[in-house]
Amino acid sequence: MSLETLSSSPAALLRWYLDAGVDEAIGDAPMDRFAIPAAAPASPVAAEAPRAPAHAPAAPVVRAAAPSAAGATAAHLAAGATTLDELRAAVMAFDGCGLKQFASNTVFSDGNPQSRLMVIGEAPGEEEDRQGKPFVGVSGRLLDRMLASIGYDRSNFYITNAMFWRPPGNRKPTAEEVAQCLPFVERHIALVDPAVLLFVGGLAASTLLANPQGITRLRGKWNDFAIPGMPRPIPAMATFHPAYLLRTPQHKRLTWRDLLAVKQRLDESAT
Ligand code: URA
């Protein structure tokens, strides 16, 4: 669409914004993001920090970045929760993740917390934000059908996300936002203590497996999910996100294979 059409038609401009994922007004005053900020005073810490040589080896993979103040608060609140109700209350009281201010609801979980299967997705979308429950939109319906095919529904699986609030316009959460939610997600897993974990989508998989590889590489393999304080590691499988499968149905067969492996593991560990 030409610039002239956009500037002469407010409706076309709004459509262009929507197509680009800009579907929320996040402030009353317009902001010129191209304005050049005044130079910040040099930080003595930054000035003193030695620079890594160009050939320095890559940093080892760690589960989360060094905690920010908000991450440290999240870790403290999460550690203090001894039940799922306490954890839910702690998440709802936490104001350290900027996504919360744009969200209509905190999306904590759905399903049966006594289940042996715990499913973790990425972040709430529009419908989840409206209802306050994970995976209740189009991709949730596909996920429900996929899990039904191995004998699971929300009475015998438990489901949550790596993020508790919808990112505006469904954008990808930043690394900082992910790190702010992570202590709660890890505590969530420890409190549910399922027999098997299923991560759906690249964000949940790479965050919780502390592995930056993409979902195509991470899916279909068993991993041990372990965090300090847990009595034993939990077998964890990653698979494609249903939203991706809606766009790429030819990969449904790989997901089917992953789900059969999950079912087999659940059946074996029940005996
Ligand atoms: N996608 C997700 O990853 N989680 C939801 O809850 C909904 C869509």
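Which residues does glycine 140 touch, not counting residues up to four places away in sequence? Glycine 140 touches Phe135 and Arg154 on that count. The model is predicted. Its chain has 271 residues, with twelve helices and six strands.

**Chain as a whole**
- Of the 271 residues, 41% count as buried.
- The accessible surface of the chain is about 15300 Å², and carbon and sulfur atoms make up 57% of that surface.
- Among contacts in the chain with a separation of 6 or more, 74% are between residues 24 or more positions apart.

**Nonpolar core**
- In soluble globular proteins, nonpolar side chains tend to be buried together.
- The largest nonpolar core in this chain contains 64 residues, and Leu117, Leu147 and Phe199 have the most contacts inside it.
- Helix H8, residues 175-192, supplies the largest share of this core, with seven residues.
- Leucine 147 is in contact with Leu117, Val119, Tyr152, Phe157, Leu198 and Leu259, once its neighbours within four places in sequence are left aside.

**Glycine 140**
- Glycine 140 lies in helix H7, which covers residues 138-148.
- Glycine 140 has a relative accessible area of 0%, and because buried means under 20%, this residue counts as buried.
- From glycine 140 to glutamate 128 the C-alpha to C-alpha distance is 9.2 Å, and the two are twelve residues apart in sequence.

Conventions: Residues are numbered from 1 along each chain as its sequence is written. This is a predicted model: local features need pLDDT of at least 70, side-chain atom pairs count only at pLDDT 80 or more; totals for chains, interfaces and linings use all residues. Side-chain values use heavy atoms; hydrogens and water are left out. Helices (H or I, at least four residues) and strands (E, at least two) are DSSP runs, numbered from the N terminus. Buried means under 20% relative accessible area, exposed over 50%, partly exposed in between (1.4 Å probe, protein chains only). Contact means heavy atoms within 4.5 Å. Accessible areas come from the Shrake-Rupley method with a 1.4 Å probe; for residues, only the protein chains shown count as cover. A nonpolar core is a set of buried Ala, Val, Leu, Ile, Met, Phe, Trp, Tyr and Cys residues joined through side-chain atoms within 4.5 Å.
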